[in-house]
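Hi,

Here is the structure I promised to pass on. Have a look at it first, then read my notes below.

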Amino acid sequence: MNEYTYIVGGRSTGKTRKLLEQAKVNNALVICKNPYAMARKAEAYGIFGLKFYGYDEMTTLFHEDMLPEDDFVIDEVAEFLSYF
């Protein structure tokens with residue numbers, strides 16, 4: 001992707017589905033609060049083959065300078081940033 005894209009909208013407007021679809025199209029990692037729940041949600045949408053990382057896993061990678069070279073999408077970016 002190499003660019004920033006923001007998906008915004010109210011509750012129940014399809015933001016998460018769009019995020020997961022973008023991740024699939026761009027072969028991006030999905031960073032989210034609960035990887036297990038997000039993986040189940042992706043499967044319910046018929047989206048398979050994504051890699052999911054929790055906020056805690058990503059903070060470890062950031063601190064150890066071991067970020068994957070892959071693109072990534074962040075679900076609930078404000079919450080992610082406040083996690084730090």
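This is a predicted model: local features need pLDDT of at least 70, side-chain atom pairs count only at pLDDT 80 or more; totals for chains, interfaces and linings use all residues.

**The overall layout**

You'll find 4 helices and 3 strands in the chain. Going along the sequence, they come in the order α-β-α-β-α-β-α. Of the 84 residues, 27% are buried. Among contacts with a separation of 6 or more, 52% are between residues 24 or more positions apart. The accessible surface is about 6,000 Å², and carbon and sulfur atoms hold 50% of that.

**The core**

The largest nonpolar core contains 13 residues, and Leu20, Val30, Leu50 and Phe52 have the most contacts inside it. H1, strand S1 (29-32) and helix H2 (35-44) are the elements that contribute two or more residues each.

Leaving out neighbours within four places in sequence, Phe52 is in contact with Leu20, Val30, Cys32, Pro35, Met38, Ala39, Ala42 and Glu57. Two of the names on that list, Leu20 and Val30, are also among the core residues with the most contacts.

Now for Asp75, which sits in the loop between strand S3 (72-74) and helix H4 (77-83).

What does Asp75 touch instead? Not counting residues up to four places away in sequence, the list is Thr16, Leu19, Ile31, Cys32, Met38 and Tyr55. Thr16 belongs to helix H1 (residues 15-26), and counts as buried because its relative accessibility is 19%, under the 20% cut-off. Beyond its neighbours within four places, Thr16 is in contact with Met38, Lys41 and Asp75.

**The salt bridges**

Side chains of opposite charge can pair when their charged atoms come close. How many salt bridges does a search of the whole structure find? The search gives 3, and here they are in turn.

- Arg17 and Glu21 meet with N to O at 3.3 Å. They are 4 residues apart in helix H1, so about one helical turn separates them. Arg17 is partly exposed, at 36% relative accessibility, and Glu21 is partly exposed with a relative accessible area of 36%.
- Glu43 pairs with Arg40, their closest N and O atoms lying 2.9 Å apart. Both are in helix H2, 3 residues apart, again about one turn of the helix. Glu43 is partly exposed at 35%, and Arg40 is partly exposed at 33%.
- Glu79 pairs with Lys33, with the closest N and O atoms 3.3 Å apart. This pair links distant parts of the chain: Glu79 is in helix H4 and Lys33 is in the loop between S1 and H2, 46 residues apart. Glu79 is partly exposed, with a relative accessible area of 31%. Lys33 has a relative accessible area of 59%, which is over 50%, so Lys33 counts as exposed.

Glu76 has a positive phi near 60 degrees. Glu76 is in the loop between S3 and H4, the loop that also holds Asp75, and is partly exposed with a relative accessible area of 46%.

Lastly, there is a nonpolar surface patch of about 290 Å², made by Val77, Leu81 and Phe84. Phe84 is in the segment after H4. At a relative accessible area of 47%, Phe84 is partly exposed, because 47% falls between the 20% and 50% cut-offs.

Cheers

Conventions. Residues are numbered from 1 along each chain as its sequence is written. Side-chain values use heavy atoms; hydrogens and water are left out. Buried means under 20% relative accessible area, exposed over 50%, partly exposed in between (1.4 Å probe, protein chains only). Contact means heavy atoms within 4.5 Å. Accessible areas come from the Shrake-Rupley method with a 1.4 Å probe; for residues, only the protein chains shown count as cover. Patches are made of residues with over 30% relative accessible area and no salt bridge: like charges are joined within 9 Å, nonpolar side chains (Val, Leu, Ile, Met, Phe, Trp, Tyr) within 5 Å. A salt bridge is a side-chain nitrogen of Lys or Arg within 4 Å of a carboxyl oxygen of Asp or Glu. A nonpolar core is a set of buried Ala, Val, Leu, Ile, Met, Phe, Trp, Tyr and Cys residues joined through side-chain atoms within 4.5 Å.
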